Amino acid sequence: MSLLVSIQLCRGVLVPLGALRLGARRYASHSFQGSLNLPKTTFPTRPNLEKVLAELVPQASQEVYKAQLQEFVEQISRIEDPSERFKFAAERLFVLHDGPPYANGDLHLGHALNKVLKDIIVRYQLLAQGRHVYFKPGWDCHGLPIELKAIKQNDKGKRMSPVQIRSIARRHAEKTVLIQRDQFTQFGICTDWEDPYITMNAQFEINQLKVFSQLFHLGLIKRQNKPVYWGTETRTALAESELEYKEDHVSQTVYVKFPLTADSQQRLLVLAPLKTPITPNTRIQCLIWTSTPWTLFSNQAICYNDGMEYVLVHLSQRDEYLIISRDLLDQVGIAQDYEILSEFTGACLSNLKYTNPMCLGGTTEFPLLPGGHVTNVTGTGLVHTAPGHGNEDYMVGIQNNLQIYSPIDHEGNYDLNEVSPELRPILQDPNDPQKGRNVLLSSTTTHIIEFLEGQGMLFQQKSYTHSYPYDWRSKKPVIIRSTPQWFTNLTDIKQLALSSLHNVEYTPLRGHNRLEAFIKTRNEWCISRQRSWGVPIPFFQHKTVPDKVLMDSNLIDHVISVIERDGIDSWFESEEDISKWFPDEYKSVAHEYVKGKDTMDVWFDSGSSWTVLRDFYRDVLKLDKCPEQLANVYLEGSDQHRGWFQSSLLTRVASSGTPFAPFHHLITHGFILDSKGIKMSKSIGNVISPKDVIRGNTKVELPAVGVDGLRYFVAQSDFTNDITCGSTVMHRINDSLKKLRLTFKFLLGNLNTSQRPILLPIEQLRPVDKYILFTLQDLVSNAKQNYETFNFGKVLGALQFHLNNELSSLYFDICKDSLYCDPEASLKRRQIHTTLFHILNTYRALLAPILPMLVQEVWNNVPCDWLDHSNMAGISPMRLLLPDFSRALEESREECNRFRSIDMQILAVFKEQFKDFAPDITKPGQLSVDVYIRKRDNIQINAQELEDLLQVAAVSIHAVEDLGAEHGNAVHIPGSDSVVAVQAHKSTLHQCPRCWKYNATAQQKLCHRCTDTCNPVSTDVYNRV
Ligand SMILES: [Zn+2]
């Protein structure tokens, strides 16, 4: 029952939309039908999706984009003065920079939300501001997910060279870009899909390497330790993709005691008093658990959870006092002979210190630190933390300034030079005292456990079967070891980055705080990855001492020039002689080195994409400098504060050394949820694809709403928050679209006239026409404000309101009689036509950014004389400016106010009275109206105009001295002291068989107007102004 939406078009009676055509037919179903001007148009009631995709999308999108950009380039090329050229670009060009989607998988609704929002903004600039736009779509192509797909595609277990991996990954990305491009095209995006930027294209990669080179040159690239998975056999860092998890790996785990310092013990006892006092010499100890005893020498902290419950227990047999998580007491396997002396939350452990008797005679103090990663699933609730040997440990270490200590070499042996002297005898290889013990040997573990026992630290030892990562090449267990990684040092540019944020506008405003918080808390950015599918970090590693590396500015620039010449894959080829990669000054040592195997973090790739804009300014527009903020707008999901927004900002600020972000306005959107507010996911089965929305899906009760329906969905949402999508909202959108189509069909049908179109000057229009233009002008001002503040839903809301209240139930209704029945060339029809054309053109402009396919289709069906006559022919409806009647209406403001307060007041009174005639009288045309006014009020009203407005058979105006009871209830004219009285009564005349108004003097006789119309000799009467 979607046709229930009603529109008041047929002679004052609410009729369903489907009857709109019927209304015309009713007029036609009598003997005078040939004399009526009934609407006719080629504009279809329903859109044909295949036609929309094949014809309207290109016409309204790609063609428009290419033409306007070409026009801009031509215009700017004619300006010779460089500063004028710069100014022209800054004022006339709007740049929205596309954050590149990842080239993997199909598009989901989130992609549609993202691209359509961008597109609405771009399209608004085209027609409202008359600007030109630059909006180049991008794709992010490197990185782990694609590399994993490439590896999976290969035969299981067969090892591929980096060049092979890269080749498969590239093919996969290329294929996906094409698939996604076809899907994006269906969203009707105003851009050039033939000319995207792609992060795996040669020029992009060279630009990115040059950004890296700049950062290095500025001293912002450094190499420092970070824990990575390390294969001790293959002597290499391993990516997650190079690991195989063995489910039945057996580790020797130990429970180990670390004593609190005397001070800390005192503090704890104050916070958590004991039930039974202890002697002053008693030492309270923290109990930890680890499955890698070899890392205990690197312990730097013990982590606890603030919110977890801990206990201090006394073990009577061992006479030990231990702190442990209450929930894990049983798991530790403490016998029954314990007593809980005190219970407290983790927060009581804050700021306490302990010592590690294994190292430096137990003199150094280490902190207890809170950590959200501490749980009470396994262990003791107190976590041994070695920042050099674990990722969570590392994060704790970075946050608390702990040493990232990892005294293990690339073969997995203790590095005796790195351990403190008193430990060397313990950790040296019994067969080769120059070497350290290998941490993976069970003899080493046994030796360490004996050592712990000797130190009085061992509480318990257990073997433990669990899942453990192995190197997929060597099939040996891996270790986590700190190795030097490449970092961008953010400390030095943080201030610049933070001050750049003050020159940025944010929608919604909270984006500022989010982005600022992320940048404030970040000190470094690890940009190296041990992967093949990416842009290489140009450095060289010593063959025998892998931690020794070679990198300097000359070397980087030389490598870039070789990549430019030989292609980026040549870096990944295994070469006997790598001297071509070295500039002359290094050629002699080239044989000692191998090419570095690290590639860059993909955030560095997409973060460098502002270079696309720089190149456009420089190479296409031939500007000698770029605007400080390269793009007017960056718009992405709110997760990009920690992702692309940040990496773009950091690379730009760092390489330019100026406090300017690459964007002027930062807009973020939420995510799309199902109708119950649940995240869409394949496993739940609640995913709605853009295709489901466009083509409909009966399984999930989605109507086919087409390209514009998808766009309507995006526009009506409050995109700054998460958005729900389901059957109800899509049905509502479908109804709204139908109503818009029928409105356009009505407008087009009635503008199709055999008379030459004449757009009358506004001063020659009737008050009611001017009133409608005033409402259009308000609508335009309102829409401008809402488009500029990205409240697209409010644009649609105001337009729907206008459509319902000013058009459907007022203007369209009252002009049908004239449109159908008046002589073709009558002035009133021309006044109406003029108004209808302004309505059409205003609705065209207001809807073009959101519903371009509908607008294009409407425009293709506008009788071309109208466009010729209005100087609009040959210009895309996407680029015709928003209409502005404000100046033309200036003179008519008073007249319009009068109409609003008097005529509309009379209409309101009449409508009330009309109800009292039911059920005998069903149409206003059966009634006549007497209007009484006081002479002294000097009210200006026109009987003919009121007759049209009220759609009655006749209106008589009587000016009297005073209004009395015989005139009925007098009502006040708003905003004045004047009064008016209205009296409707049954018309005493007969129904005219042509126009059906009761204003014929005899039965079956035409009324005056119809007589004149059917007798063209007298049509002059209607041509008077
Ligand atoms: Zn008539």
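Start by selecting domain 4 (727–883) and domain 5 (919–987); their centres, taken over C-alpha atoms, are separated by 31 Å. The bounds come from an automatic or database domain assignment. This is a predicted model, in which local features need pLDDT of at least 70 and side-chain atom pairs count only at pLDDT 80 or more, while totals for chains, interfaces and linings use all residues. Residues are numbered from 1 along each chain as its sequence is written, and side-chain values use heavy atoms, with hydrogens and water left out.

**The contact between domains 4 and 5**

Show the residues in contact (heavy atoms within 4.5 Å): domain 4 supplies 7 residues and domain 5 supplies 5 residues. The area buried between the two domains is about 500 Å², and carbon and sulfur atoms give 49% of that area. Buried area here is the accessible area (1.4 Å probe) that two parts lose on being put together, summed over both.

Next, select Pro 767, Ile 814 and Lys 828, which supply 62% of the area that domain 4 buries against domain 5. A salt bridge is a side-chain nitrogen of Lys or Arg within 4 Å of a carboxyl oxygen of Asp or Glu. The count between domain 4 and domain 5 is 2 salt bridges.

On the domain 4 side, α24 (767–788) and α25 are the elements that give two or more residues to the face touching domain 5. Of that side, α25 gives the most, with 3 residues. Helices are DSSP runs (H or I, at least four residues), numbered from the N terminus.

A nonpolar core is a set of buried Ala, Val, Leu, Ile, Met, Phe, Trp, Tyr and Cys residues joined through side-chain atoms within 4.5 Å; buried means under 20% relative accessible area (1.4 Å probe, protein chains only).

Centre on Tyr 811. Its contacts, not counting residues up to four places away in sequence, include Arg 766, Asp 769, Gln 831 and Ile 839.

**A covered helix**

Finish at helix α22 (residues 706–716), where 10 of the 11 residues are buried. Among them are Arg 711, Tyr 712 and Phe 713.

Note on methods
Buried means under 20% relative accessible area, exposed over 50%, partly exposed in between (1.4 Å probe, protein chains only).
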